[in-house]
Amino acid sequence: YSGDNQTQSNALLSVTYPNIDDGSGSVYLIDLGDSNSWALSTVGVVTPVGTAYQSAAAGGNSGGDVGSPESSGPPVTTITLISAIQGDGAATPLDGQTVKIEAVVIGDYQGADQLNGFFLQEEDADQDGNTATSEGIFVFAPGATDVGEGDLVMVTGTAGEFNGMTQISAGASTVMVVSSGNALPSPASIDLPVPLAIGTDDYYEPSEGMRVRFIDPLYASEYFQLLRFGEVRLTEGGRVPQFTAINPPDVAGYIEYQDRFARRQIILDDDRNGSNSLPVAGGVIFHPRPDGFGVGLQGMDFFRGGDVVSSMVGVLEFAFGSWRVRPTESIPVAFTVNNPRPDEPESVGGRLKVASFNVLNYFTTIDDGTTTCGPLNIGCRGANSSAELTRQRDKLVGALATIDADVVGLVELENNASESLQ
């Protein structure tokens with residue numbers, strides 16, 4: 001350190017020094033095989049890994065330098081296969097251990113507003129051939145060097161679990177690009193519905209973190225979280241109606257329906273985890289999105305319920321309690337029109353046009369976080385500003401005028417007498 005008098009953490013990865021004590025404050029290793037055997041000669045006792053030591057004055061050293069050995073001990077030199085880190089169960093058998101891997105980037109989501117990391121998969125030649133072990137893994141490495149799909153990357157980090165998914169947590173300086181332009185590893189095949197003889201988690205787990213290709217056409221069936229989280233639920237075999245739309249109410253039947261629905265569906269997510277984080281012109285947020293990972297054919301970047309995604313390829317991830325696919329830059333998700341928007345509704349005869357319209361929490365009381373709404377003084381659920389309220393009202397008025405119904409039933413208005421209807 002030459003007397004810089006600064007605190008230095010993780011300063012020593014290894015030391016080569018004769019096993020003698022010269023009495024001048026030298027630092028050496030008692031036993032290279034023991035990661036806790038760092039010692040300071042003038043103290044003469046073992047300094048545990050991660051514990052600061054202070055040198056004595058010697059040569060150009062002022063004696064004010066403070067440092068600590070690398071928290072993981074001597075550097076890891078052996079490459080571990082991803083399949084060994086993933087193991088053949090739900091959690092890694094190497095939890096908490098430092099590992100080094102070398103694999104190909106299959107999905108890059110390094111932005112701070114994305115996932116702060118990337119997915120790696122073993123090259124085809126390095127895969128273990130065991131269908132019970134995954135060949136892919138997520139690397140959480142905020143601030144690491146920029147990587148891209150097709151890069152062969154070497155990473156050293158700690159294996160572990162995060163919210164049910166195996167990952168490697170790595171420091172920014174432990175990610176190194178070895179080469180670029182490599183062929184992407186082959187995707188694993190996913191064939192829905194998940195067989196009844198196996199649970200959905202057990203079915204997807206062996207492909208966690210890998211490139212996957214869905215064999216069946218998938219239909220856009222549910223998009224309740226589209227605006228907020230950029231999620232679309234896709235289902236095999238067509239759109240899934242509500243249980244009571246095709247069945248009489250039945251508790252046992254509904255439980256069976258939910259299980260079969262879960263086996264037929266997968267979430268198509270966007271490239272980030274935030275909410276309401278993709279404002280574009282006019283305040284519209286949707287997936288696929290402009291210049292994003294998907295294209296739609298119902299108009300620029302749009303799709304409709306019932307449209308089809310064929311041979312979908314992406315990265316399989318477990319997050320927020322559900323299995324999902326992250327789209328990749330190299331193979332965008334494309335929606336094929338299967339449910340075209342009609343120019344006008346089919347004629348049903350009669351003299352009166354009756355419509356039902358969900359206005360999606362049209363509250364005239366601004367939600368400023370402090371006000372309460374309705375006769376029961378519950379929390380407000382509408383616009384957060386006058387500008388938002390004006391935009392919401394203009395959209396609703398325009399839609400209602402275009403519908404031009406004689407009778408309209410409105411749903412989700414603030415319960416404040418007639419004010420919300422003015």
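**Exercise 1.** In this predicted model, glutamate 256 has a relative accessibility of 44%. Classify glutamate 256, then find its salt-bridge partner and describe the pair.

*Solution.* 
- Step 1: The partner is arginine 260, with the closest N and O atoms 3.2 Å apart. The cut-off is 4 Å, so the pair qualifies as a salt bridge.
- Step 2: Arginine 260 is also partly exposed, because its relative accessible area is 40%.

**Exercise 2.** Take aspartate 259 and arginine 263. How are they placed in the helix, and is each one buried or partly exposed?

*Solution.* 
- Step 1: Their side chains form a salt bridge, 3.0 Å from N to O.
- Step 2: Helix 5 holds both residues, four positions apart, or about one turn.
- Step 3: Aspartate 259 reaches 34% relative accessibility, so it is partly exposed.
- Step 4: Arginine 263 has 9%, which falls under the 20% cut-off, so it is buried.

**Exercise 3.** Examine the salt bridge between arginine 326 and glutamate 317. Which network does it belong to?

*Solution.* 
- Step 1: The N to O distance is 2.5 Å.
- Step 2: Arginine 326 and glutamate 317 are both buried.
- Step 3: Follow the shared partners. One network links Glu231, Asp269, Glu317, Arg324 and Arg326.

**Exercise 4.** How many salt bridges does the whole structure contain?

*Solution.* A search of the whole structure gives eight. Among them are the Arg260–Glu256, Asp259–Arg263 and Arg326–Glu317 pairs.

Conventions: Residues are numbered from 1 along each chain as its sequence is written. This is a predicted model: local features need pLDDT of at least 70, side-chain atom pairs count only at pLDDT 80 or more; totals for chains, interfaces and linings use all residues. Side-chain values use heavy atoms; hydrogens and water are left out. Buried means under 20% relative accessible area, exposed over 50%, partly exposed in between (1.4 Å probe, protein chains only). Helices (H or I, at least four residues) and strands (E, at least two) are DSSP runs, numbered from the N terminus.
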